Amino acid sequence: MVAIPTTIPTFADGDTSLANLEALASAVQFFSSCDVRPMWHFYKTATESLAAATWTTVSYNFVAADSDGVYVPSGTLLGAAQIVTQGYYVTEACAGILAGGAVAGFGTRFLAIAGSSNPNHALASGIVYGQTAGLAPDTANQDAQLCFGSLCPWVLYPGDTIQAQVFCTGAVSTSTASNTSYVKGRFAANFTGYWQRYGT
Amino acid sequence: MTLVLPSIPDIPAGSIVTADQLNDIGSACTFLLNKPMALVNDSVGGQSVGTTYPPTANVSFASKNYDTDGMWSSSAPTKLTIQTPGFYKVWFTIVCASGTPASVGAGLWETTGAGNPAGSGNVIGPFWGTYAEPQATTGARASCMGLWPVYLYAGDSLSLRAYAASNTTTTSNTNPSCLGVEWVSV
């Protein structure tokens, strides 16, 4: 867990406290470095089957950055983020589906679920946010991608999880963005989140 | 509430660092720890979305998820009014009912306030527009995010406006229309 500098030291004239100076340096480092402040960036490098008319958690399987150890590496929440450090968070993601399926509707969203440490929401209760949805493009002939992002409406606590999810009206596979052409797969499927601000 | 913008001290080589300078650095950290953020939502729904472009009606947000700097007011729920100047990042979603018969779009507009050097009442935008084509199961939900390209002064306000190919309404559900902002830089 990252130590949030909730108490910023104050200095008096002639102050010789090395501890205060170190606390100030830690605070500056926290706010200026994503190696310290919680931030993650996951990618998806393999396709994944999606059942029709079901919200499915995207299994982001490659960790490019994860300063706070939030990545869920296995299980039903593979590819989700499990919060370690309390605070307000922003999440942004991109997910896509491969061409060839009969898909009428296509949507994406985030789902935050409260863990046992969250004092504001019951264990396992959830909130959907950042949802984008509508008529899919010509998925018979080309891939389709949606990028979505939002402030999480909740202050998150250690143990809370955030999933990026996809919904399709027809069974199809997620795309991974091979970047082989301008038209197909030009967006990399990814999931980014970062700590924004202290909150309770 | 208006937060005091941080002032980072200049400490030349060879100088003796004063307590005031260190406390200024500490104040900057405190500011970042408590920086302005707001997220409000359309918890009521049923707002008309017309076909005129550019739209002139602002979407109303009846509820706030949070507001750390007094930007939202229940008496003026159609805007977020900047209290602390700076550059801001913005997010929004427009949600229309599953039965929405036609495509919907939305964008953000700014109205300058008295604190803006350009004067008050100037309307700027839209920036960060978005669009969705409805589908029977999913409805139409369009989201967008980005850095607001204009420096915002205290008193400036941001509003969401939507339009559609045929008249429709917003809908309230577990993920209603919303507008969020985050202070990012002086």
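**Entry 1: a covered strand.** I started with strand E1 (residues 37-41) of chain B, which is mostly covered: five of its five residues are buried. For my notes, buried means under 20% relative accessible area, exposed over 50%, and partly exposed in between, with a 1.4 Å probe and protein chains only. Helices (H or I, at least four residues) and strands (E, at least two) are DSSP runs, numbered from the N terminus. I looked at the side chains next: B:Met37, B:Leu39 and B:Asn41 point one way from E1(B), B:Ala38 and B:Val40 point the other way, and all are buried.

A reminder to myself that this is a predicted model, where local features need pLDDT of at least 70, side-chain atom pairs count only at pLDDT 80 or more, and totals for chains, interfaces and linings use all residues. Residues are numbered from 1 along each chain as its sequence is written, chains are lettered from A and ligands numbered from 1 in the order in which they are written, and side-chain values use heavy atoms, with hydrogens and water left out.

**Entry 2: partners of E1(B).** Which strands does E1(B) pair with? I found E11(B) in the antiparallel sense over five bridges, and strand E3 (residues 63-67) of chain B, also antiparallel, over four bridges. Two strands pair if DSSP finds at least two bridges between them. B:Ala38 stands opposite B:Val181 in E11(B), while B:Val40 stands opposite B:Lys64 in E3(B).

**Entry 3: the open sheet.** I then traced four strands of chain B that form an open sheet in the order E4-E9-E6-E7, with antiparallel pairing. The edges are E4 and strand E7 (123-132) of chain B, each of which pairs on one side only. Strand E6 (residues 104-111) of chain B joins E7(B) over six bridges, in the antiparallel sense.

Entry 4: H1(B) has 15 residues and reaches 21 Å from its first C-alpha to its last, close to the 21 Å expected at 1.5 Å a residue. That expected span is 1.5 Å times one less than the number of residues. I listed some of its buried residues, including B:Leu22, B:Ile25, B:Cys29, B:Phe31 and B:Leu33. What do the buried residues of H1(B) pack against? They pack against helix H1 (18-32) and strand E12 (190-197) of chain A, together with strand E11 (178-185) of chain B.

Entry 5: I zoomed in on B:Cys29, which sits in helix H1 of chain B and is buried, with a relative accessible area of 4%. Leaving aside its neighbours within four places in sequence, B:Cys29 is in contact (heavy atoms within 4.5 Å) with A:Ile8, A:Ala27, A:Val28 and A:Phe31. The C-alpha of B:Pro6, 23 residues apart along the chain, is separated from that of B:Cys29 by 8.2 Å.

**Entry 6: the cores.** The largest nonpolar core has 47 residues, and those with the most contacts inside it are A:Trp40, A:Tyr60, A:Ile162 and A:Phe191. The largest share of this core, five residues, comes from helix H1 (residues 19-33) of chain B. A second, separate core of 31 residues includes B:Val59, B:Trp72, B:Tyr88 and B:Trp148. By nonpolar core I mean a set of buried Ala, Val, Leu, Ile, Met, Phe, Trp, Tyr and Cys residues joined through side-chain atoms within 4.5 Å.

Entry 7: Chain A has one helix and twelve strands, and of its 200 residues 55% count as buried. For chain B the mean pLDDT (the predictor's confidence in each residue, from 0 to 100) is 90, and 96% of its residues reach 70 or more. The predictor gives the complex an ipTM of 0.88 and a pTM of 0.90.
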